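Hi,

Here is the structure I promised to pass on. Have a look at it first, and my notes follow below.

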Amino acid sequence: MHSRTAKIALVSSHPEVYEPCDDSFALVDALLADRTNLLQHHPSICMEIGCGSGYVITSLAVMLGHEGFVPYYIATDINCHAIRATRETMDAHGVYAELVNTDITSGLEKRLAGSVDVLVVNPPYVPTPEDEVGCEGITSAWAGGENGRSVIDKILPAADTLLSEKGWLYMVTLTANNPSEICLEMRKKGYASRIILQRSTEEESLHIIKFWRDSDSELELNNLNYWTKLVTN
C-alpha cells in the first residue's frame with residue numbers, strides 16, 4: 001500500500017460499533033489534504049478520541065508511515081467492542097496503537113498532559129436527548145445531547161490539557177453544533193482555527209476544523225473584550 005494513500009479496508013465490524021460513513025471519510029480526506037504539513041510537523045504522539053472501527057487512526061498511521069519517523073499512536077473509546085474492532089483493523093494494516101477503553105481521555109490526562117502533537121476527533125455530534133449521551137453500545141457514537149454539544153464541550157478542555165505547544169486538533173462538527181461558537185471557545189483558550197474541509201451530504205453539513213495554539217489569538221480576543229467594555233461603559 002502506497003504511503004500517500006489512506007484507502008484502508010474495514011477489516012472488523014460489530015453491530016455495536018459505528019462503521020465509517022461520510023463524517024469519517026471527510027475527516028480522513030482532511031488529514032490527507034494536510035498530509036504535507038503533518039509530515040513537516042514530525043508529530044511524536046498522535047491520538048484519536050473515539051476510535052470506533054479504527055478507520056481514522058489506521059488511515060492516519062498509514063498516510064504518515066514509511067517517512068523516516070514513526071509517531072506513537074494512542075486511541076480511546078468508551079465502547080469495548082470498538083477497541084477490539086480497532087485492534088483488528090490496525091493489525092491487518094501492519095500499524096500499531098495503544099488502545100484504551102475509557103470515556104474521552106479519563107485516566108490519561110496526567111500521563112499525556114502537554115505531549116500530544118496531533119489529536120483527531122470525530123465526536124458524537126448529533127443533537128439527541130441528553131439521556132442518550134454516553135449510553136452503552138453504538139448509540140454513544142453519535143448521541144451528542146442538546147445541539148450535539150454535550151460531548152464536544154467535554155472534549156475541548158481535555159484537548160487543551162493534552163495538546164503540546166505545537167499540538168494540532170482536527171475535529172468534525174455539524175452546522176447544528178455552531179462551529180463558530182466552538183472556534184470562539186477555543187480562541188479564549190489561545191487557539192487559532194480554520195475550517196480545512198466542508199462537505200454537504202443528503203442529511204448534514206460537515207465541517208472539519210483544525211485548531212492550533214496561537215498566543216496572538218488570545219491577545220487579540222483580550223484586546224477586543226477590553227475595547228468592547230470601554231465602548232459599552
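There is one aromatic pair in this predicted model (rings of Phe, Tyr and Trp, the last by its six-membered ring, pair if their centres lie within 6.5 Å; planes under 30 degrees apart are stacked, over 60 edge-to-face, the rest tilted). The partners are F25 and Y55, edge-to-face, at 5.5 Å centre to centre with 80 degrees between the planes. F25 sits in helix α1 and Y55 in helix α3, so the pair ties together parts that are 30 residues apart in sequence. Helices here are DSSP runs (H or I, at least four residues), numbered from the N terminus.

Now the helices themselves. α1 (residues 22-33) packs with α3 (residues 55-64) at about 20 degrees, the axes being 10 Å apart; axes are lines fitted to C-alpha atoms over the stretch in contact, and angles run from 0 to 180 degrees between N-to-C directions. α1 and α3 are therefore roughly parallel to each other (that word covers angles under 35 degrees).

Which residues in α1 meet α3? They are S24, F25, L27, V28, L31 and L32, and on the α3 side Y55, V56, S59, L60 and M63 (contact means heavy atoms within 4.5 Å). By class, the contact of α1 with α3 has nine nonpolar, two polar and no charged residues.

On confidence: mean pLDDT (the predictor's confidence in each residue, from 0 to 100) is 86 for the protein chain, with 86% of residues at 70 or more.

Residues are numbered from 1 along each chain as its sequence is written, and side-chain values use heavy atoms, without hydrogens and water. As this is a predicted model, local features need pLDDT of at least 70 and side-chain atom pairs count only at pLDDT 80 or more, while totals for chains, interfaces and linings use all residues.

Cheers

Technical notes:
Helices (H or I, at least four residues) and strands (E, at least two) are DSSP runs, numbered from the N terminus. Angles under 35 degrees count as roughly parallel, over 145 as roughly antiparallel, 65 to 115 as roughly perpendicular and the rest as oblique. Ala, Val, Leu, Ile, Met, Phe, Trp, Tyr, Cys and Pro count as nonpolar, Asp, Glu, Lys and Arg as charged, and the others, Gly among them, as polar.
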